[in-house]
Amino acid sequence: MSTTAAVDAATHPLAMITAAEIARAIELVRADPQFEADAVFAHVRLHEPEKATVHAHAPGDAVDREVDVLVVPPFAASGLVADEVVVSVTSGEVRSWTRREGMRPALLFGESLSAILAVKEHPTWQDAMRRRGIDDFDRVQIDPWPAGAFGVAHEDGRRIARCIAYYREEHTDNGYARPVEGVIAFYDQGAGEVLEVLDLGVVPVPHERGAYLPEHLGTTRAGLRPLEVTQPDGPSFTVDGNLVRWARWSFRVGFDPYEGVVLHTVAYHDPDPGTGEERVRSVLHRASVCEMVVPYGHPDAMHGWKNAFDAGEWGLGRMVNSLREGCDCLGVVEYLDVTLASEQGDPYTVEHAVCLHEEDYGILWKHHDLHGGTDEVRRSRRLVVNFVATVGNYEYAFAWYLYLDGNVQLEVKLTGIVSPMAVGPDVADAFANVVAPGVAAPHHQHLFSARLDLDVDGPVNAVHEVEAEPVPPGPDNPWANAFRQKSTRLRTELVAQRDVHAPTSRAWTVVNPGRTNGLGQPVGYQLVPTMSTPTLLASPTSSVAARAGFARHNLWVTPYRRDERRAAGDYPNQHTGGDGLPRWTAGDRSIEDTDVVLWYTFGVTHFVRPEDWPVMPVEYTGFLLRPVGFFDRNPALDLPPPDACHT
Ligand SMILES: [Cu+2]
């Protein structure tokens, strides 16, 4: 046993992982005889405790802290394997060490850096650059991409990346404005060598630099005066460790290398209408964006293979930004730092990775009584938990909102720079839109999977599909106007693979059959598709349809299993498909009166506009969870009128 300084005991099973816990976990892994010299660490994260452990925990209880370490041994020695290790940093023992044969971790940053250096030195690649008039390779930006699974010889038994290139005249140029079309280098990340350089044909490198930095644009517009958010008495929320309390809500903020922010134990502290006593009512045990895929819809050899799994192949948490006050977040802001591990196992902290603050959100409710002469208005306010991931060219800002009326919302803001292609003059292309002279952007989708472990007043829940059903005209419908609310119980997993249907306002309600409200109705929360959302457009026979099976339907429901965490499985990188939701649901398990998990696929189909260039104004997607019979009446009735309304 080593002599490392003791790890401070965590005070809650869901507390965020600390630098000391990471260091201790790595020390334990390195000391194990199964550890191979020069192995690297794809992730080091909290091994989330069992639900029962979380529920049983009382303040002051001892906590056994387990840490997940994904070890990637040197490729030459062990081939294509990943070792899943669980250690207890509390007891100082390795709890399990599981070798996963044939599995590839997310792309490793260190290997991506090696790929860039190796490609630039490769004579075939250099010749391809010279054919495009590029002699100074320092001005070339190389982006390694996850290669997908297409049955090409390079994939077999290897971890590979496809490396594509962009030209930067100056260091701070927008590289994406000048794609170097037609050149793909296949890089073997395990062996550390370039396997092949493809040259699909020369297209001129676009000339415009696609500038967006103020110093390149010259002038900025005038006329907008300061808009400041002031909260003279401070914010209405508190943060204690990772426990947040605000306006009758409480929850814990977790952070995962792939999912980014995870909300744990989201509960509403509901005053009993009779006694006024506070009842802590569970809504969500855990909520996150567990996977996402960006399938491109262009059929040519340069772009047809692009299907980035930005969570599972890169890591939304690994790509998190530090947020800046007054820029990313406005108002009285509290930040959470997160601690991650480098691939060498060293802990590092991303400061201000998550921000929390309140936003005014217009009117919450209002009535102007024409007869009685009263006029009542209440302001809506929301608490936001926000983080931003930069995945290469794109930015994704994930905002979880909690509201005063019991609503919970996830909004994803898509911005950054679209992935472009260079096009010759006068080339009509049905699969891409021109955004600048010589530059087009292939059509693509961004499809997210939210994993929502709802525990509505407890874990035992049932799921109903609810939608409008017009009634045929007849004696029972003499005005031919009638429509009823149709509610269909979803009883098994295969039946519960459902799609959004806007004409009938289809939504899904999770109820607790054992708990009723004051009106005798089962309490519930409803998943509402508030924005138009597609499913996967690629053919069911495509590689991406097999690998991102979750994206073929908007809704999936599974019985809770702790290790069913990521919609495309734990190892989507170069996976040939079928893992995750399609595999788990193949047995068509019962989802009746059990602990259910909803998986919601949502997103956008992006036909890129000129206005999306050179940097894209935010496009929004997301969904809403709202109480349906969870309360007996408007839970925001007791809000005080705004001070300014007293006159
Ligand atoms: Cu897009």
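# Exercises on salt bridges, copper and strands

Asp136 and Arg139 join their side chains in a salt bridge, at 3.4 Å from N to O. A salt bridge here is a side-chain nitrogen of Lys or Arg within 4 Å of a carboxyl oxygen of Asp or Glu. This is a predicted model, in which local features need pLDDT of at least 70, side-chain atom pairs count only at pLDDT 80 or more, and totals for chains, interfaces and linings use all residues. Residues are numbered from 1 along each chain as its sequence is written, and side-chain values use heavy atoms, with hydrogens and water left out.

## Exercise 1

Classify Asp136 and Arg139 as buried, partly exposed or exposed.

**Solution.** Start with the cut-offs: buried is under 20% relative accessible area, exposed is over 50%, and partly exposed lies in between (1.4 Å probe, protein chains only). Asp136 has 32% relative accessibility, so Asp136 is partly exposed. Arg139 has 31%, so Arg139 is partly exposed too.

## Exercise 2

Find where the partners of the salt bridge between Asp638 and Arg248 sit in the chain.

**Solution.** The N to O distance of this pair is 2.6 Å. Asp638 lies in the segment after strand 30 (616-628), and Arg248 lies in the loop between strand 10 (243-246) and strand 11 (249-256). The two are 390 residues apart, so the pair links distant parts of the chain. Strands are DSSP runs of E with at least two residues, helices are runs of H or I with at least four, and both are numbered from the N terminus.

Now take Arg506 and Glu467, whose side chains meet in a salt bridge at 3.0 Å, N to O. Arg506 is in the loop between strand 25 (483-490) and strand 26 (507-516), while Glu467 is in strand 24 (residues 460-470). Both residues are buried.

## Exercise 3

Name the donors of the copper ion and decide on its geometry.

**Solution.** Donors are N, O and S atoms within 2.8 Å of the metal (3.2 Å for Na, K and Ca); water is not among the atoms, so sites may look incomplete. Tyr394 (OH), His444 (NE2), His446 (NE2) and His606 (ND1) coordinate the copper ion at 1.8 to 2.0 Å. Along the chain, their spacing reads Y-x49-H-x1-H-x159-H. His444 and His446 are both buried.

Next, the angles. Four donors are tetrahedral if all angles lie between 85 and 135 degrees; four are square planar and six octahedral if opposite donors are over 155 degrees apart and all others between 65 and 115; anything else is irregular. The 4 donor atoms subtend angles of 99 to 140°, so the arrangement is irregular.

## Exercise 4

Describe the neighbours of strand 3 and how they pair with it.

**Solution.** Two strands pair if DSSP finds at least two bridges between them. Strand 2 pairs with strand 3 in the antiparallel sense over 6 bridges. In strand 3, Val87 is the bridge partner of Val67. Strand 4 also runs antiparallel to strand 3, joined by 8 bridges. Val86 stands opposite Ser96 in strand 4. The hairpin of strand 3 and strand 4 has 4 residues between the strands, and Gly92 there takes a positive phi near 70°. Finally, 7 of the 8 residues of strand 3 are buried.

## Exercise 5

List the buried residues of helix 1 and some of what covers them.

**Solution.** Helix 1 spans residues 19-31. Its buried residues are Glu21, Ile22, Arg24, Ala25, Ile26, Leu28 and Val29. Their cover, counted by contact (heavy atoms within 4.5 Å), includes strand 1 (40-46), strand 2 (66-72), strand 3 (81-88) and strand 4 (93-101).

Technical notes
The expected span of a helix is 1.5 Å times one less than its number of residues.
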